[in-house]
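Look at the model first, then read on.

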Amino acid sequence: MAANHKLHPKPGSAVRLKDYDPDDCDGIDKEEAAEEMSQLKDRLQTLQERLYAEGKQALLVILQAMDAGGKDGTIKRVFEGINPQGVFVTSFKAPTADELARDFLWRVHRAVPPKGHIGIFNRSHYEDVLIVRVNQLVPEAVWQRRYDHINAFERLLTDGGTRILKFFLHISKDEQKQRFLDRLKDPSKHWKFSTGDLPVRERWEDYMRAYEDAISRCNTEAAPWFIVPANRKWYRDLVVMRTIVGTLEAMNPRYPVPEPGLEHVVIPD
Ligand code: ATP
Ligand code: MG
């Protein structure tokens, strides 16, 4: 595991987001980041192909953030150029009536990546202890038990050969304001703006408490959380990319052993 302790809190410790600076960029500049990013992109392509060819392990990448936190941009920049056959994205919106009639993990379990694939969750089952908790969509007794349900569910996946990486893209409240204003100024970004995001912004502190609990209570060795400084987009992308590539390196997927005798095969005219 690419265990950078500045980003990955110690499992079992109580996380306080105030201790994590959304502006941090670890002393590197944009040009250095771009160069490293392009090398890591090549490496990701190779590792993804090997994961697919091997067909024995899977990687699940979970992205959570406040609105305008950069989930979409991160997915776009980290995974551009990857063979679309081996990677798929699932976005979790407010549950449908059909989904609400089942347990909260039902829709999530159906979306986990099969062996050989990388699955990306744009929002996830963590919404069920975030917006659901802040907006009191279910009684506290119900959401309180979900942390255990989530840990057991993630353990089921990791025991079966799926690696899980969970990223909280950490922006400041000021940065969110700036990004909302940019969206309002640019007509080509209007579609990204929803007045429905404003009441969520008003509850910023409640969300931070909910994130702190979700990260503290569901941060395991097998399915670690990473708190990504996300005010600078290029640094955010680099951190996520490094962590994914480091994890795939550790998973070390191998091409399967070829059929014997391939060197004697003659292709008929
Ligand atoms: P995003 O906001 O992720 O960039 P979007 O704007 O295209 O995407 P929305 O229609 O805003 O999509 O859908 C996401 C909304 O669904 C968020 O407000 C999120 O909190 C909510 N949501 C996701 N999962 C749940 C859940 N389990 N229960 C209630 N609300 C949920
Ligand atoms: Mg939205």
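The crossing of helices α6 and α9 is right-handed. A crossing is left-handed if the near helix is turned anticlockwise from the far one by less than a right angle, and right-handed if clockwise. This is a predicted model, where local features need pLDDT of at least 70, side-chain atom pairs count only at pLDDT 80 or more, and totals for chains, interfaces and linings use all residues. Residues are numbered from 1 along each chain as its sequence is written, chains are lettered from A and ligands numbered from 1 in the order in which they are written, and side-chain values use heavy atoms, leaving out hydrogens and water.

**Helix α6 against helix α9**

Helix α6 spans residues 140-159 and helix α9 residues 204-217; their axes are 10 Å apart and the angle is about 40°. Helices (H or I, at least four residues) and strands (E, at least two) are DSSP runs, numbered from the N terminus. Axes are lines fitted to C-alpha atoms, for helices over the stretch in contact, and angles run from 0 to 180 degrees between N-to-C directions. The angle is why α6 and α9 are oblique to each other. Angles under 35 degrees count as roughly parallel, over 145 as roughly antiparallel, 65 to 115 as roughly perpendicular and the rest as oblique.

Gln144, Tyr147 and Asn151 of α6 meet Asp213, Ala214 and Arg217 of α9. Contact means heavy atoms within 4.5 Å.

**Helix α10 and two partners**

Helix α2 (residues 71-79) and helix α10 (residues 233-251) have axes that come within 10 Å and cross at roughly 55°. The pair is therefore oblique. The crossing of α2 and α10 is right-handed. In α2, Gly73, Thr74, Arg77, Val78 and Phe79 meet Arg236, Asp237, Val240, Met241 and Ile244 in α10.

Helix α1 (residues 30-54) also packs on α10: the axes come within 9 Å and cross at roughly 35°. The crossing of α1 and α10 is left-handed.

**Ligand 1**

Which residues come nearest to ligand 1? Of the 13 around it, they are Lys71, Lys93, Arg123, Glu127 and Asp128. A residue is near a molecule or strand if one of its heavy atoms lies within 4 Å of it. Polar contacts (pairs of N or O atoms within 3.5 Å) follow.

| Residue and its atom | Ligand 1 atom | Distance |
|---|---|---|
| Ala94, polar backbone atom | oxygen | 3.1 Å |
| Arg123, polar side-chain atom | oxygen | 2.6 Å |
| Asp128, side-chain N or O atom | nitrogen | 3.1 Å |

Key: Polar contact = N/O pair within 3.5 Å; in protein donor to acceptor, adjacent residues only side chain to side chain.
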